[in-house]
Amino acid sequence: MKPVILSMSVLLISYICWGDHICMYVCLGACFVLLANSVRQAGRGLSDGDGRAVLVTGPGAQRLVEEGSDRMNVLQLDVTKDEHVSSAKDFVEANLPKKGLYAVVNNAGISDWGETEWSSAEDFQKMADVNLFGAIRVTIPFLSLVRASKGRMLYVSSIFSFFNCLNMGAYSVSKRGLEAFADCLRVEMASFGVKVSIIQPGNFGGATNILRRKTPQDIWDGFDHARKLKFNQKYIDMACEYFQSVCASGFKDCTLVIDAMLHALTAPRPRTRYLLVSWTDLLFFYIYPILPTCVTDSVFLASSMYYKRKAMLYS
């Protein structure tokens, strides 16, 4: 699907710049190159998974205990605590199968939303401590084990790492930092045969419950006197209703994310990034990062929420 989306973008740009005939040749050439690359990357994948261990952070422990196989071990691992990570490494090293630790899936994460002026530096720090530094804290001690097996490192990021959405500042900061870390690591680890992939889920709030549920009163109660005088409580009511409706409109299960993780773990040539959004949003999110800032910022002008916010926020 990605070659088709990119070819459509090339087609549109070529048509604007050069006209019909050159446009056709450029697009056909782009299609050929991109499709050939897809065929080259296709393969049977990892066929000898037995004897290889994978560490996954962040899944629900209780459900794993109830539904997991007897080959699975559930560990207590708070990624914000060095002692938890150290204990987890000791356990993993003591229980490694014969082919070692093949991959680490950095899935642990939290989310929240709110205007920047509603937040504190501690709010940003808490978000980064899990989403960014939690992944770094896990990666560094386990990297030597993964490097020894020439395995994989996976990082669950978000479209908000590049999509500058209203009210998602702290989350975006943590995920943009995570991707910068993973990109640097990928370049370093290429010399050792370790592949690094980034998963970029879209709206899976309803499937994962990662987006923090809070009421307008929760937000209002967190304000000091100065902020209660500054902000409009009706806007807070509207913002809560908006974010609840957005979550309800997203994916209802995590199948797409799980499939991407499996591909990143088993494919001979896993992708650098897995953009996981709906078919209707795919083209938009592929071209969004390369558009001029003046264009990407103007996207929000199409939202009725933006105009209501402008009129209500400080009034």
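Let's start with Ser174 and what sits around it: leaving aside neighbours within four places in sequence, Ser174 is in contact with Met127, Ala128, Asn131 and Leu132. Contact here means heavy atoms within 4.5 Å.

Ser174 is found in helix H7. Helices (H or I, at least four residues) and strands (E, at least two) are DSSP runs, numbered from the N terminus. Is Ser174 buried or exposed? Its relative accessible area is 1%, so Ser174 is buried. The cut-offs are under 20% relative accessible area for buried, over 50% for exposed, and partly exposed in between, with a 1.4 Å probe and protein chains only.

Before I go on, a word about what you are looking at. This is a predicted model, in which local features need pLDDT of at least 70 and side-chain atom pairs count only at pLDDT 80 or more, while totals for chains, interfaces and linings use all residues. Residues are numbered from 1 along each chain as its sequence is written, and side-chain values use heavy atoms, with hydrogens and water left out.

How confident is the predictor? The score is pLDDT, the predictor's confidence in each residue, from 0 to 100. The protein chain averages 84, and 83% of the residues score at least 70. Confidence is highest in strand E3, at 98, and lowest in helix H2 (residues 20-41), at a mean of 44. Residues 10-15 also have pLDDT below 50, and this stretch has 10 contacts in the model beyond near neighbours in sequence. For residues 23-44, pLDDT stays under 50 as well, and there the model has 21 contacts beyond four places in sequence.

Back to the serines. Ser157 is in the loop between strand E3 (152-156) and helix H7 (169-189). At 2% relative accessibility, Ser157 counts as buried. Apart from neighbours within four places in sequence, its contacts include Tyr171, Lys175, Leu178, Ile198 and Pro201. Which side chain does the side chain of Ser157 meet in a polar contact? That partner is Glu179, at 2.7 Å.

Glu179 takes us to the salt bridges. The structure holds 10 of them, each one a side-chain nitrogen of Lys or Arg within 4 Å of a carboxyl oxygen of Asp or Glu. Glu179 pairs with Arg273, at 3.1 Å from N to O. This pair links distant parts of the chain, with Glu179 in helix H7 and Arg273 in strand E5 (residues 273-276), 94 residues apart. Glu179 is buried, with a relative accessible area of 7%, whereas Arg273 counts as partly exposed at 28%.

Further along, Arg186 and Asp183 meet in a salt bridge of 2.7 Å, N to O. Both lie in helix H7, three residues apart, about one turn of the helix. Arg186, at 24% relative accessibility, counts as partly exposed, and so does Asp183, at 21%. Salt bridges that share partners join Glu179, Asp183, Arg186 and Arg273 into one network.

Another salt bridge is formed by Arg137 with Asp129, where the closest N and O atoms are 3.2 Å apart. Asp129 counts as partly exposed, at 25% relative accessibility.

Now for some backbone geometry. Most residues other than glycine have a negative phi. Which way does Asn167 go? Asn167 has a positive phi of about 70° although it is not a glycine. Asn167 is in the loop between E3 and H7, and counts as buried at 8% relative accessibility. Lys150 also has a positive phi, near 50°. Lys150 is in the loop between helix H6 (133-148) and E3, and at 56% relative accessibility counts as exposed.

Last stop, helix H11 (residues 233-248), where Val246 is found. At 29% relative accessibility, Val246 counts as partly exposed. How far apart are Val246 and Asn203 in sequence and in space? They are 43 residues apart in sequence and 8.1 Å apart in space, C-alpha to C-alpha.

Note on methods
A polar contact is a pair of N or O atoms within 3.5 Å; within protein, one must be able to donate a hydrogen and the other to accept it, and residues adjacent in sequence count only if both atoms are side-chain atoms.
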